[in-house]
Amino acid sequence: MTSSLNLLKELRPVTSTTTRRYGKLLWVDAYHTTIAPGLRLRTSTKSNWLSLTHPEGQLYFHMKRDRFSVVTEENVLNVETDNLVSSYLALIEKRILECGIILPQACELFVELQFDESSQTSTCAYYFVDHHSRCLFWLEPTSSELLDMGMVVSDSHLDIALERLYWVHVEFFPMHVCAQMTPLILDNLISVICHGMTDRMTSRSSTFPYTEEKCDQLLRALSLRQGELLDGHTLCFVARLWGAINNQRFITYYGQENAQLDRLQPPMPEDIVDRTGIRALANLMLWGVPNHHYSKLHDLFVHDNVYIDHWQAFMTECISEWRGLLVWAFSVLIASILISMLPRASLSSAMAPILAASSSILSGSILLWRHHDFEDATAPFAANFLRSSKSSDWGFLPLSVVYSMPKAMYLWSIGLMVAQLVFWTFRVVGVLWASGGAGFLALMGYGILYFTSLEDDHTGSMATMLRSHWQTFQSDSAAVTEPLTV
C-alpha cells in the first residue's frame, strides 16, 4: 500500500448496495506453519476495534466513538490501514462540527477505503445509518441519481428506498447490533409474508415478490426463531427479507397515491412500440402464434420489472414446447419423405413439407441451445435479457416471431404434407376420390371446431366460430395452470 501521508483525503457518499463487499478481487496468502507443543493459546491484539464475523464468513470491525459508532470491512489490524481509517474518521468529525450537524443517538458510520495508485490518491466511501428511524444519511447534499437509488415520486417514497438500504446494511453487519433490535421485526415480517402468500394464492397478478411455495418455506424458517431473542444469524436473514420486501414496495410505489396493485398494470405510461400492420402480417403468415408470445413478453416485462416465477414458468413452457416440436416435426419430415417414395409420387411435391419441417427442427434446436438453463435464470438476468431483446423500433415483435418459428413451421409442414398426400391421391385414384378425401378432411376439421366451440358460437356464423377459435389458438395455453383471480 502506498504511504498514507502522500494520499489526498476525500469523502464520497455511497449506499449499502454500492460498496465493494461482493466485488473484491483479493487472493488469500496460504502457508504452512509450525505448531508448538501443548495447548495453543489464542493471541489477542490490543485495539480499539472489535473484530466480528458475518454469518457468511466476512470479517468486519466495530468501534464505539463519542458521537457515533463505526463499522468497516477494512483490515484495521494493519497499522497503516488503521492510521488511514483514523485520519478519515477525524476528517468526518471535523466536517460534522463545521456543518453543525446534530447526529442521532443510535447513529452508525460505515467507511470503506478506495485507492488510486496511479494518482497517489485515496477516497473514503461512507454513509451513516440511524437505527431508530431506519434510514441512511450523509454529511453533504447528494442525489438519488448519483447514489443509484432510482427515481422517486414523493418524500415517503424516498423513505422506503432509504429503509431498504438500511436493512441491507443490517444484513451485512448484524453481529454487534442484534441485541438492540426488537423481536417485533420478526413478528411483523411473518405477518407481511402471510399476507403475501395469501395474495399470491388468490391472485395471478399479485405484486408480492415470493411465490406461495417460497413463502411457506420462509414462514417455516422464521417460525423456528419466533419468541426467541434475536441473534446475529437470525437478524441477518430477517434483514435480508425486509430489504427485499422494501425493494418491492419501492418498485410498486407502496403507500403512494397511485400504487401498483396489479402486476400487469403499468404504474406510469409506457412507450409501447406496436407495428400493427407488420404484426398482423406476421400472425397471418405464422398461424397467429406470434401474438401469444408478443402478449406474454409484454406481461412479463411491465415497467421493466420481471417476476422471476412468471419468467421461469414462461421459459419452461417454451422449452418444453420446442422439445416436443422437434419430435413431431421430425415425424412429419420422415412421413413426407416416405410419401415421396410411393409409386407415382412426385418428389417436387415433398420439397415444401420437408423444408417446413426442417425449418421447425432447425429453429427449435437453435432456440433450445440459446436458452439452455434460462428456466433457472435469476430476475436480473431475465430483466437484462428482455431489455436487450426489446427493439427500440419493433418492440418485442422480432423476439415473438423467433419464438414462434418452431410451432408455426411445424403447422406449415402438417398442412403441406396433407396437400402432398392429396396431390398423390389425385394422381393415383383420380379427381373424384381425391376431392372426396379433401372434403372429408375439411368436414372433420369443421366438426372438431364446432363441437369444441362455446355455446354462443353455435348461434353465429361459421366465420364467427373460426375467428373465435383463431383467438383461442393465439391465447396463452398456460393460463389454466395459474391460480384464479378473486
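Residues are numbered from 1 along each chain as its sequence is written, and side-chain values use heavy atoms, with hydrogens and water left out. Because the model is predicted, local features need pLDDT of at least 70 and side-chain atom pairs count only at pLDDT 80 or more, while totals for chains, interfaces and linings use all residues.

Strands come up first here. Helices (H or I, at least four residues) and strands (E, at least two) are DSSP runs, numbered from the N terminus; two strands pair if DSSP finds at least two bridges between them. Strand S2 (residues 50-53) runs antiparallel to strand S3 (residues 59-64), with four bridges, and Leu-52 sits opposite Tyr-60 of S3. Five residues separate the strands in this hairpin, and Gly-57 has a positive phi there, near 115°. Further along, strand S5 (residues 107-116) pairs with S6 in the antiparallel sense over ten bridges, with Val-111 facing Tyr-126 in S6. S6 also pairs with S7, again antiparallel, over three bridges; Val-129 has Leu-136 of S7 as its bridge partner. The S6 and S7 hairpin has four residues between its strands, and Arg-134 takes a positive phi near 55°. Strand S6 (residues 121-130) is largely enclosed by the rest of the structure, because nine of its ten residues are buried (under 20% relative accessible area; exposed is over 50% and partly exposed in between, with a 1.4 Å probe and protein chains only).

Now the helices. The expected span of a helix is 1.5 Å times one less than its number of residues. Helix H1 (residues 79-99) has 21 residues and should span 30 Å, in agreement with the 30 Å between its end C-alpha atoms. Its buried residues include Leu-84, Tyr-88 and Ile-92. Residues three or four places apart point the same way, because an α-helix has 3.6 residues a turn. Asn-78 caps the N-terminal end of H1, with a side-chain oxygen 3.0 Å from the backbone nitrogen of Glu-80, and Gly-100, with a positive phi near 65°, follows the helix. Among the buried residues of H2 are His-157, Trp-167 and Phe-172.

The lining has 46 residues, with Arg-164, Ala-244, Asn-247, Gln-248 and Ile-251 nearest the centre. H5 gives the most to this lining, at eight residues.

Most residues other than glycine have a negative phi. Arg-263 is found in the loop between H5 and H6 and is buried, with a relative accessible area of 8%. A polar atom of the Arg-263 side chain lies 3.3 Å from the backbone oxygen of Asp-299.

Technical notes. Polar contact = N/O pair within 3.5 Å; in protein donor to acceptor, adjacent residues only side chain to side chain. 1 Å grid on protein atoms, 1.4 Å probe; cavity = no way out; pocket = protein on both sides within 12 Å on 5 of 7 lines; lining within 4 Å.
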